[in-house]
Amino acid sequence: MTHIHAKVRIIENQTLANDWYLLKKYTFDLQRQNGQWQRQSREVYDRGNGATLLLYNRDARTVILTRQFRFPTYINGHNGYLIETAAGLLDNMAAEQRIKAEAEEETGYQISHVEKVFEAFMSPGSVTEKLHFFIAEYSPENRVSAGGGIEAEGEDIEVLEMPIADALAAIDNGLIIDGKTIMLLYHMVVKGIL
């Protein structure tokens, strides 16, 4: 596959908000495939990169997921409570190190070995974030706390253990509608892991 390098000239950038994360408006010139330059502008939300992890038990054929309130989904007509894989921002840490800590905070499972399976941009039209996707085996002995996240960060996370068949059915019936979670659950099936 040929790598294409964009020809871009950034004309200006303006900070629109710098509260929770950074929202900027960029004006730039992009060279089109026909060689002509076209002026465009885009709002770009920068929240840093993140990582996500699907915990699975091969023998029991179960996965560990979380349920928490996500305000943006609420204002888009959903009840706000999403079932997800453990995830978090890297906060200037290595992805593998950060996801181990995040998994323990959110799920209560302490994992020593994780396997990176891929990276992906989740909303490349407006958000800079690239996610690092991991999987890891767990057993009941790995549970060191109740999990639930960090209250000071507004987290109130319910930990769910469910059979992989139920998780896949939850995608089909619309109970699981989080992109990263769907990607990792399908990865497990496509690769024949569960």
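**Reading the largest pocket**

Analyst: The largest pocket has a volume of about 1400 Å³. A pocket is an open set of points on a 1 Å grid over the protein atoms alone, where a 1.4 Å probe fits, with protein on both sides within 12 Å along at least five of seven lines; lining residues have an atom within 4 Å of a point. Points are joined across faces, edges and corners, and the volume is the space filled by probe spheres set on them. The model is predicted: local features need pLDDT of at least 70 and side-chain atom pairs pLDDT 80 or more, while totals for chains, interfaces and linings use all residues. Residues are numbered from 1 along each chain as its sequence is written, and side-chain values use heavy atoms, leaving out hydrogens and water.

User: Which residues lie nearest the centre of the largest pocket, and how many line it?

Analyst: Its lining comprises 40 residues, with Trp-20, Tyr-21, Arg-47, Arg-70 and Glu-84 nearest the centre. Helix H2 (95-107) supplies the largest share, four residues. Helices (at least four residues) and strands (at least two) are DSSP runs, numbered from the N terminus.

User: Which residues does UniProt list as "binding site"?

Analyst: The unreviewed entry lists Ala-87, Glu-102, Glu-106 and Glu-155 under that name. They are spread over 69 residues of sequence, yet cluster in space, the largest C-alpha distance being 12.0 Å. The lining of the largest pocket includes Ala-87, Glu-102, Glu-106 and Glu-155. UniProt annotations may be inferred rather than shown by experiment.

User: Is Ala-87 buried or exposed?

Analyst: Buried means under 20% relative accessible area, exposed over 50%, and partly exposed in between (1.4 Å probe, protein chains only). Ala-87 is buried because its relative accessibility is 15%. This residue belongs to strand E7 (residues 86-89). Contact means heavy atoms within 4.5 Å; not counting residues up to four places away in sequence, Ala-87 touches Ala-51, Thr-52, Ile-99, Glu-102, Glu-106 and Lys-180.

User: Where is Glu-155 placed, and which backbone nitrogen does its side chain reach?

Analyst: Glu-155 sits in the loop between strand E9 (130-137) and strand E10 (158-163), and counts as buried at 16% relative accessibility. A polar contact is a pair of N or O atoms within 3.5 Å; within protein, one must be able to donate a hydrogen and the other to accept it, and residues adjacent in sequence count only if both atoms are side-chain atoms. Here the side chain of Glu-155 reaches the backbone nitrogen of Ile-150 at 2.7 Å.
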